[in-house]
Amino acid sequence: MKIVACYKLVPEEQDLTVNPDQTLDFSHASWKVGDYDLTAIEMAMRIGEYVDGSEVVLLTYGDDIVCDQKLKKGVYARGPQMGYAVKDDQAGQTDPFHTAGVLAAAIRKIGDVDLVVCGEGSGDVYSQQVGPILGAMLSLPVVNAVKEAMVEVEKLTVKRDLEESVEVAELPLPAVISSTSEACKPRIAGMKDILAAGKKEQVVWTMGDLDDEPASSAKTMISTLAPLKKERKREVFEGVDSMGEFVEALRKAM
């Protein structure tokens, strides 16, 4: 069984700063594997360990950061046998539709994939769209918000929490799933795992190496701005008799 776990490299949130014109400054931000993606990788590893003879491989899409050796060691130390990366200088300007298209083209090039596991959303944009779009592009059954997953003979049983119930669904393989952040706790890699990760193969493709032309979105990213900061009103209403004034102030503020 071949399992592909998709991940995205994202900037550390606490390192971001906001410029006076509301643009975001990434110049001092370190990079990491998204927290949601670490859960997806762990779920893929647990499924792979459950099914004898399974192979877990990684797949990512981004700019030059995908070749960073320190980041590679950190994610490959989580257990997968090898991985793939699609490098594109324009990756930072794409939307979920195009990202899913690139991943779909890469998965078709990898070939013979039985299961694709994504995180429920990326650590930076968190659109929660890539997994479902990816499944549609691959013409495979897809389920998002998966909390538990277990493979049986040629099928996958998944559980996810709905508002008032727990849904259990069966999917024929191959399939695509997106895991929730509560699905499982990512393992902590030891020093031996980190050292071994440096020797694992990572195949790096450019966009021209893909056999299929990835689907392009009609949308263009113009800018990403931080929300405007507003000073607090600091109006205090005391006593039950001031409730009317409080409601009226809220109405005017809206």
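**Second largest pocket.** I looked up the second largest pocket in this predicted model and noted a volume of about 260 Å³. I took a pocket as an open set of points on a 1 Å grid over the protein atoms alone where a 1.4 Å probe fits, with protein on both sides within 12 Å along at least five of seven lines. The volume is the space filled by probe spheres set on the points, which are joined across faces, edges and corners.

I listed the lining, meaning residues with an atom within 4 Å of a point. Strand S5 (31-33), helix H1 (35-50) and helix H2 (69-76) each give two or more residues to this lining. H2 supplies the largest share, 4 residues. Helices (H or I, at least four residues) and strands (E, at least two) are DSSP runs, numbered from the N terminus. Among the lining residues I recorded Trp-31, Asp-35, Lys-70 and Arg-78. By class I noted 6 nonpolar, 1 polar and 5 charged residues; Ala, Val, Leu, Ile, Met, Phe, Trp, Tyr, Cys and Pro count as nonpolar, Asp, Glu, Lys and Arg as charged, and the others, Gly among them, as polar.

**Basis.** Residues are numbered from 1 along each chain as its sequence is written, and side-chain values use heavy atoms, with hydrogens and water left out. Local features need pLDDT of at least 70 and side-chain atom pairs count only at pLDDT 80 or more, whereas totals for chains, interfaces and linings use all residues of the predicted model.

**Cysteines.** I searched the whole structure for disulfides (cysteine sulfur atoms within 2.5 Å) and found 0. The cysteine sulfur nearest to that of Cys-6 belongs to Cys-118, 4.1 Å away, which is too far for a bond. I recorded Cys-6 as buried (under 20% relative accessible area; exposed is over 50%, partly exposed in between, with a 1.4 Å probe and protein chains only), its value being 4%. Cys-118 is also buried, at 5%.

**Aromatic pairs.** My search of the whole structure gave 3 aromatic pairs, that is, rings of Phe, Tyr and Trp (its six-membered ring) with centres within 6.5 Å. Phe-237 is partly exposed at 29%, and Phe-246 is partly exposed at 35%.

**Charges over rings.** I checked for NZ of Lys or CZ of Arg within 6 Å of a ring centre and within 35 degrees of the ring normal. The charged end of Lys-72 sits over the ring of Tyr-76, 5.4 Å from its centre. Lys-109 lies over the face of Trp-205, with 5.4 Å to the ring centre.

Terms used
Phe/Tyr/Trp six-rings, centres within 6.5 Å; stacked < 30°, edge-to-face > 60°.
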